[in-house]
There are 4 protein chains.
Amino acid sequence: DLKYYFMSPCEKYRARRHIPWKLVVQILKIVMITTQLILFGLSNQLVVSYKEENMMALKNLFLKDYSGVDEDDYSVAVYTQQRVYDSLFYVLDQYSQLGRLSVGPLSYGEDEHGDVLPLIICKQYYKRSSVEPSNEAYDIDAQLETVCMSHDPKTANQWKTQNSSFFDLDFYRLVDMKITFQLNGINLQTVRSRELPDCYSFYITITFDNQCHSGKVKIFLDIDAQSCPCQDWKISGTAQKNTHYLLVFDSFVIAVCLTSAVLCSRSIVLAVRLLQRFSRFFHENYSRKVGEDDQNEFLNGWYVLVIVSDLLAIIGSILKMEIQAKSLTNYDVCSIFLGTSTLLVWVGVIRYLGYFQKYNVLILTMKAAFPKVLRFCCCAGMIYLGYTFCGWIVLGPYHEKFEGLSRVAECLFSLLNGDDMFTTFAQLKDKNTLVWLFSRAYLYSFISLFVYMVLSLFIALITDAYETIKKYFTLLSSQQCNCLQDLNLPIYSVLCCCQRYDGVTGL
Amino acid sequence: DLKYYFMSPCEKYRARRHIPWKLVVQILKIVMITTQLILFGLSNQLVVSYKEENMMALKNLFLKDYSGVDEDDYSVAVYTQQRVYDSLFYVLDQYSQLGRLSVGPLSYGEDEHGDVLPLIICKQYYKRSSVEPSNEAYDIDAQLETVCMSHDPKTANQWKTQNSSFFDLDFYRLVDMKITFQLNGINLQTVRSRELPDCYSFYITITFDNQCHSGKVKIFLDIDAQSCPCQDWKISGTAQKNTHYLLVFDSFVIAVCLTSAVLCSRSIVLAVRLLQRFSRFFHENYSRKVGEDDQNEFLNGWYVLVIVSDLLAIIGSILKMEIQAKSLTNYDVCSIFLGTSTLLVWVGVIRYLGYFQKYNVLILTMKAAFPKVLRFCCCAGMIYLGYTFCGWIVLGPYHEKFEGLSRVAECLFSLLNGDDMFTTFAQLKDKNTLVWLFSRAYLYSFISLFVYMVLSLFIALITDAYETIKKYFTLLSSQQCNCLQDLNLPIYSVLCCCQRYDGVTGL
Amino acid sequence: DLKYYFMSPCEKYRARRHIPWKLVVQILKIVMITTQLILFGLSNQLVVSYKEENMMALKNLFLKDYSGVDEDDYSVAVYTQQRVYDSLFYVLDQYSQLGRLSVGPLSYGEDEHGDVLPLIICKQYYKRSSVEPSNEAYDIDAQLETVCMSHDPKTANQWKTQNSSFFDLDFYRLVDMKITFQLNGINLQTVRSRELPDCYSFYITITFDNQCHSGKVKIFLDIDAQSCPCQDWKISGTAQKNTHYLLVFDSFVIAVCLTSAVLCSRSIVLAVRLLQRFSRFFHENYSRKVGEDDQNEFLNGWYVLVIVSDLLAIIGSILKMEIQAKSLTNYDVCSIFLGTSTLLVWVGVIRYLGYFQKYNVLILTMKAAFPKVLRFCCCAGMIYLGYTFCGWIVLGPYHEKFEGLSRVAECLFSLLNGDDMFTTFAQLKDKNTLVWLFSRAYLYSFISLFVYMVLSLFIALITDAYETIKKYFTLLSSQQCNCLQDLNLPIYSVLCCCQRYDGVTGL
Amino acid sequence: DLKYYFMSPCEKYRARRHIPWKLVVQILKIVMITTQLILFGLSNQLVVSYKEENMMALKNLFLKDYSGVDEDDYSVAVYTQQRVYDSLFYVLDQYSQLGRLSVGPLSYGEDEHGDVLPLIICKQYYKRSSVEPSNEAYDIDAQLETVCMSHDPKTANQWKTQNSSFFDLDFYRLVDMKITFQLNGINLQTVRSRELPDCYSFYITITFDNQCHSGKVKIFLDIDAQSCPCQDWKISGTAQKNTHYLLVFDSFVIAVCLTSAVLCSRSIVLAVRLLQRFSRFFHENYSRKVGEDDQNEFLNGWYVLVIVSDLLAIIGSILKMEIQAKSLTNYDVCSIFLGTSTLLVWVGVIRYLGYFQKYNVLILTMKAAFPKVLRFCCCAGMIYLGYTFCGWIVLGPYHEKFEGLSRVAECLFSLLNGDDMFTTFAQLKDKNTLVWLFSRAYLYSFISLFVYMVLSLFIALITDAYETIKKYFTLLSSQQCNCLQDLNLPIYSVLCCCQRYDGVTGL
């Protein structure tokens, strides 16, 4: 009979006392994936700090009056014609004498013939633009023309005299000016952590942006750093064995994850079969259909979680091996895969805590409250969206926190969680009265509504769910679980069965 | 009978299965209004960034030692006579050579005859003021005299020699000095987004403020930027068709909003008629009056919301069209209309979510808790007001967050929601002991009272409302809604009726 | 009988329908006290801004390399002997040429004979101090000697040559050096708000602090500003009538407050008498004593509040009149009196809201929860005190937020309420490992304990109180208040009586 | 019988009315330990401020262009070869003329023969490193060589000429450069607080760090300050008696703590004996075992707390005496011992509050909620750990708050408690799109999950515990404590017994 179906596997499991292989695999997986993540993180940090420091060094070398802080996106802003010329010539001068300036192993990029790649300056301007603001008159050809000039560091002295016409900028027509050059560098610090140094190519673009024609020329410095294995190297004094051990370790991680994934898939298949048998039996004996909620309980979400995390870990490990073998440099993608898989693996630990009843109360509470919270988030989300749009359009021009739609969403979300509200208020003070009034109404109403109403309702929802679950559990422990009778409480009734059921399908 | 009145429209609705036109209109409206808002926002940003950057550029051009940051309202503060003269002459020098300095398309303003408008310096001083602080003696005529001088950029060299007496300032008498001039500019960047460039007139006022006679002369730079269509223009290389499409789109939005408003007004009219019939019937059969709460339920608040949002959207769209046609420049007003209407439209979505019972619980909870929360806010508001006044008068002189009444209110509101408390405490440390002690008592008592008592009570109120609603709903689902019998629970009883009622009046 | 005692006054009150004079007086008082506070605040701001700006101006005039920001207490810190001399001579130079420098009406202080008061420099040093750090040897006479020198601005050129020995500082012996001088100023800006200008004496002390002998000489600039009516003045062009109107208004405020205080005292006396009669009656008929809680209910706390607020307002108004009559300058004390009285007056409004039953629920909840919350605060306060001491001693040397006991208390209180935690964590990072570990354990444990346990318990307490009160009220409304039977619930039972009772004793 | 065992000691205690010595000892202990802590803290502050200010002074003296702010760990960063040489020579120049520069009593360190210890510069470089970035070629010998040079302040003029080859740096090979020297100082300020001045040796290390070879040379200045009693001193003008009084006071503290510890140990021994008798009796009469919970109640946790705090205080006091006797300088360890003991002593006060029943409710609630909260923290901790790892690996390179594992943990913990969320969001804006998207998903999900779900559940747990305890107490007060019957509620039933029991074992 039915009782047998549910009871026996549980008893069998207790009778057999075989070692819970799946648990062992999971624990091994947690340890290994976390170790792998930390190892990758440490080597990643070296690379990132090298790039970051080079970025800082190059900005300090090539940007005049660079203060070390980037406001918004641009590094430096200049406001007079003289300062534009100064900044421009400063770049060229510094570039010419790079060898004597730079502290790090940087040199000019070379093409395949060994010739130094020149620095290239391109200026883009309107084909025709005679603007006379005092007459409120203009005559513009909106098509853009681009003129370029190349500058070889070897012939440094002559460029200013030779290209005087090029450097005679007509600011009314000028849209932007781009200086591009390539520098090569070597990341020597990896030598000390027993890895081979990588060679880097820095593609540097310095942009003088006059698109807005507002009297403010913004100067950007962008670096595109690409690493590649060096072509010609010789090293002595250290053993470079580390990489091999890492590759072996990574393969082992992949193997463990594969095992874990296969075991979980098997369990899912078994669970589906059992469900079919159970529903057939249920249908025959009670001529009732098994509820959808009950069916969902059979499809153990944890297994799906484990399999997803395994797949992510495998992909991440493969990427990591590629990176270590210097055939890929995409650290970000790899770290997202590894990071997400580690997150999921740790979340999966909760499942094992759920086998202790006291912990289970908490987990079930969250599970029970989750749909309600989500549903409520839907409602609140509508108001939230409304506020986001409204804030963006009205306050956007006056407050940097409201500049873009995603920023508004973040700002409101932050305010909701107790962010610096006063500064948000205060930065809106200098504006015109209408916007000032609107901003006050907007912020007060939003915060009051969300902090006091919405957050309180969250607490009410979860307290409610907790009490429901707690009542059910006290009922359960007193009734000794003759739970299949009360099948009209779908979720909680199946809980009881599932506990025994986990013996069948689960670990 | 009564049941028929309530039941049948609902059934009729289900029977007819006609397409819910109103819902379709609403969805269309949401999509269109949001699109319109985003389009307007993007074009608005261009204008605002142009103004902002010009503001920055002009401050950097005309203010000596401008650091790029405005403290409070003033841009620069100077403390010695020499620095006042330097700053003053700097403005005049920079103005004279504007053409060679500025990076953007800026030029002197001209009057209608094509003559350059001169820069005007006005100084305002007490008619008579012989002050001898060391004798504690003064002799003041409090009436103000104003003397002005104009300065033509063409005759730049001579002004200093010619007006030496004007520039011999008597700081004891001087109240303030205003330099005003007009510059014209053209916002060329709109060319790239396929709109016509606007011409701008910048009315610049630089104020040297010595009103306080405290030894600190504050320098303000204010810009009043006014845009107008350029008088004489010629453009090639791009099509300027965008504006037309936008106008068509705006008209379409207006049409949709009108439709929506009309449909909702019709529903309200129908509802009022039904209410009259219902109350007549109720009066005749039970000889009881319909309660006010029940009557309010008939006047569906959602319709009012929709109509208000429609009206706002229509006004906003008209303003937007005017702005696009360059006949208006009032971006702020337009964005407030559009923003508020979008907010209301999105809030209106909640109503449709309310048709699902599970969502309804949450909405009703908020509705039920709302009056209590408001009532409680009243009580708390009294204490809050008291604290606001008290904080302003005592701490105002010592702490910038307590400088104005509205700032105190904001500061307290922010503290309540977890703002940086420590800095608020810390900034009060250097003052005299009495104020120090008071500030501590003030802040500790305020925060304890509000954060611990008031916020907790909010949670209690909402939890309570949630439980009431929940109980009612479980009752409802078990009793199958013979709700008209228990008319002594006014709000919740009508709920049940309303659900069916919505069939009549609503969507 | 008893019912009559309680019922009848209530009914009498309803019968008589006399105008509630007390309420009228209270409303008038609220309006007037708030107006008075705002008026005082506005005039106070002028004075404070004058002082603040003078402070800034003097710092900028006399401190070399002053950046406009005071770190901790000192304004500038210098590290080399040369910079000490520079800063010192800078003060003297600037002082000598003050007339040509300052923008404001500042001049040298004079004694009663009209002679300019000289600047005085005093240096304090150890009587004998031969220190040889390299030999780890010292020979100190810990007694301090003080040598002074005066410097007359008239003989500015000669001081450096004449006092060369004085300015030859022995840094090993030097403890500190104080420069004091007096400047006079006149606050002319009040002319524009139709008040008489005040004369100010600024007693300026510049301290070069070498007490710590740590190689860092801290320079403080302190100003003691004292205002007095100017001795010899003449003003024309404005009417100075404002002050008179203000004095009349203040007297009127005092009159209203006196009335209010007298009325409330009368009510208290009446209440006490009634209590005596009631308890005698109660004793005779039921031979039971009236509980202490019941007795306390008779002594209406609101009256005490009103009387206290009246007294504060009266004292504050008298001080304000004195200040306006220029015979006192103690703005702070006056503002504390006025501020506190305004706070109490607004809090008192809650009492009138309590007459509406729905509001009463909330007020009573807070009242009922208050003792529990206080009791709980006691417990939490112990742990809090422990953490305060512990944090001060261990983290004090390493973190500025933990420098003093009151600062630690504030910091912990702020952390509790969601202050910037990360910066607190982050600033502790560079220190030695033991302290680092301790700081983490300290912060994590404190925050977890307080935020999660203590704050949640607050919510539990208040939710509980709310439910108790709510239950009682539903009981009350159903039972129609035969409340004197259940005298074993002391507080809530008397509530019911009090409601009627307020007719007798209250408004 | 059993009742006698529990009842009588309680009654005996009431009968005897002997003075509660233990309570007196505890109160004395609290006062004394707190006093001791404050005294130690004040003297500690002098030492710490001396060290801190010396640190600042030395950084200002020896680091060129030092801005007064340390970014991350380094003090100054330089980017060009010229600036490296400048900074290096600046150190040497300043060192040579230290006597004329420094304001404080600092001099060169001397060896035991009285000779000045020279400054030593060591540079470390790769044995061989020919790097040609433009060819992507390098030839490195990873072994490091170190070359040193010493510099005597007496022969200051010649070093640059004599060691020109040493100062010819090959930046491609250079790994780092360390300048070390020793300065001696005397902390004279303690003279004024009537303590003997200490002599300090400052071991200063200035590191030019080029390990990363990124074009950015970071300059660190580290000081290791060691204090020792001065060798040769003579002081007059003050009595140095303070130290003796302090030593006597400390001994007294130790005596009190010892007494307290002994008394508590005795009580624990008595309690264990009683437990044995009780369990024997219980076993004989009811033939049931005493539950583990009941047993734990006998082992009063408070006593353990008191003993631990006593031991810590004793160790701390001994350390303090050593420090005052100048034979130890380990302020940190001492302050941790004293601080922790003070914390525990104050926490112990709660126990005495627990004797009042109303306070007990709160204490018991926390006690009852504690295991649940801990258990729940376990679950939440897993997710938290997952997020920590995931955030570190993915966001670590792009956001300084995610740089190290402990920092990520702190950052997430801070976010959870309402830290500045927006800045965390905002600092991630400039990065590549994938990471941007990930960071948003990461932050939104983390905050929503924890703030809304987890924190709300905390509140639910504690509200629940509070209600359980409250119910039990109302039961208790009505039933007049025939508590031994219901032994199936282990904790709460024993509570009742314990209250009486405390008479036996406790105070």
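Predicted model: local features only at pLDDT ≥ 70, side-chain atom pairs only at ≥ 80, totals over all residues.
Reader: Where does Asn60(C) lie, and which residues does it touch?

Author: Asn60(C) lies in helix 2 (residues 21–62) of chain C. Not counting residues up to four places away in sequence, Asn60(C) touches Tyr79(B) and Tyr66(C).

Reader: What makes helix 8 of chain A roughly antiparallel to helix 9 of chain A?

Author: Helix 8 (residues 301–324) and helix 9 (residues 331–353) of chain A pack at an angle of about 150°, with their axes 8 Å apart. Angles over 145 degrees count as roughly antiparallel, so that is the name for this pair. Their crossing is left-handed.

Reader: Which residues meet there, and what are they by class?

Author: Among them, Trp302(A), Leu305(A) and Lys320(A) are on the helix 8 side, and Tyr331(A), Phe337(A) and Arg351(A) on the helix 9 side. By class, the contact of these two helices has 17 nonpolar, five polar and two charged residues.

Reader: Which residues have the most contacts inside the largest nonpolar core?

Author: Those are Leu457(A), Leu457(B) and Leu457(C), in a core of 321 residues. Leu457(C) touches Phe376(C) and, in chain D, residues including Leu362(D), Met366(D) and Tyr466(D), not counting residues up to four places away in sequence. Apart from this core lies another, of 169 residues, among them Met177(A), Tyr108(B) and Ile121(D).

Key. Residues numbered from 1 in each chain as written. Chains lettered and ligands numbered in written order. Helix = DSSP H or I, 4+ residues; strand = E, 2+ residues; numbered from the N terminus. Contact = placed C-beta atoms within 7 Å. Axes fitted to C-alpha atoms, helices over the stretch in contact; angles between N-to-C directions. Parallel < 35°, antiparallel > 145°, perpendicular 65-115°, else oblique. Left-handed = near helix turned anticlockwise from the far one by under 90°. Nonpolar A, V, L, I, M, F, W, Y, C, P; charged D, E, K, R; others polar. Core = buried A, V, L, I, M, F, W, Y, C linked by C-beta atoms within 7 Å. Buried ≥ 20, exposed ≤ 12 C-beta atoms within 10 Å, placed from the backbone.
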